[in-house]
Amino acid sequence: MYYYTNEKRKKEDLCNICGKYKRLTWDHVPPKCCNNHYPIKTNPWTNGMPQESKYAKKYQNGIRFRSLCEECNNKILGANFDIILEEFSNQIIQKMNNSSSIVKIPIKVNRLCRAICGHILATKNYYDNESLIDKELRKYVLDEKELPPKGMSLLYWVYPYSTIIIMRDFCACSIYNKYEFPKGMLSIVNSFPCAYIISTEKEECGLFDLFNVCSSDIDEVVELSVNCRSCYFPNSKHLRPFEWPCNISDEKDGAAFVLGVKKNIDDSKIAVHSLESVNKIIEKNNISKKW
């Protein structure tokens, strides 16, 4: 069995976004404003769902990675982009309570995408100078006039679960070929109320690609069409599993074969909120009982 290991990083190292050697700060992934500041239990993804054991890591205020300098964490992401990610998350929750179909959400999509990409960059416990994906995402996050990386997609789906799944740089394919999976190299952050997938391919597998509506105008507002039923596989009544698209199981609905780099798999997380935390999230967001 693969047990939890201490993944602490040096206090001074290369920042995962700007690449400069600085004192590193802790970045919440997803950010605290998106319900990631409550007690949570987590394991490396290879250990599966954390249970009450000595191997499960307990965080008192959400999942964090010591990987970003203060400027990138608090000024670039926190001050410029995270407020839009919070707004998008809050609007999705409100729409989920009132509708089960497609709804419209006006949002500054170019800031939203940079928030997502920035936090995904933070989810490695080392500075990856070899990954072409990371190099493209860094350039995109740091330059507000830069267009999204060519050939890549940023997909999202409504996520009605109390778990958080984080994984970088892996490939997945369906075992039973019943449902379509995203193609290419994938990186994901699954967390209520929305899961995000960065892919090196443009095939959308029934999901909306945020990169398709981006522009060089950082403050452009785009009215996004959000499918509140995107938590289901297309044209079915089957929910996407909480760990989709990296789920390995015996279930014929959505089971996948996953391949990735070992050190990135080691940094990957699977976490679950405590019942107390779930109740706080429900109360804070006035979430309908049907969810």
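This is a predicted model: local features need pLDDT of at least 70, side-chain atom pairs count only at pLDDT 80 or more; totals for chains, interfaces and linings use all residues.
Entry 1. I looked up the aromatic pairs and found that the structure holds nine. I began with Tyr156 and Phe208. Their ring centres are 5.9 Å apart and their planes stand at 65°. Planes over 60 degrees apart count as edge-to-face, so I noted this pair as edge-to-face.

Entry 2. I checked where the two residues lie. Tyr156 belongs to strand β7, residues 153–158, and Phe208 to strand β11, residues 208–209. The pair therefore ties together parts that are 52 residues apart in sequence.

Entry 3. Is Tyr156 buried or exposed? Tyr156 has a relative accessible area of 3%, and I put it down as buried. Phe208 has 29% relative accessibility and counts as partly exposed.

Entry 4. I turned to Phe233 and Trp244, another edge-to-face pair, with 6.0 Å from centre to centre and 85° between the planes. Both residues sit in the loop between β12 (221–227) and β13 (256–260), so this pair ties together parts that are 11 residues apart in sequence. Phe233 is buried at 1% relative accessibility, and Trp244 is buried at 0%.

Entry 5. Last, I looked for arginines over ring faces. Arg229 lies over the face of Tyr232, at 4.3 Å from the ring centre.

How values were computed. Residues are numbered from 1 along each chain as its sequence is written. Side-chain values use heavy atoms; hydrogens and water are left out. Rings of Phe, Tyr and Trp (its six-membered ring) pair if their centres lie within 6.5 Å; planes under 30 degrees apart count as stacked, over 60 as edge-to-face and the rest as tilted. Helices (H or I, at least four residues) and strands (E, at least two) are DSSP runs, numbered from the N terminus. Buried means under 20% relative accessible area, exposed over 50%, partly exposed in between (1.4 Å probe, protein chains only). A charge sits over a ring if NZ of Lys or CZ of Arg is within 6 Å of the ring centre and within 35 degrees of the ring normal.
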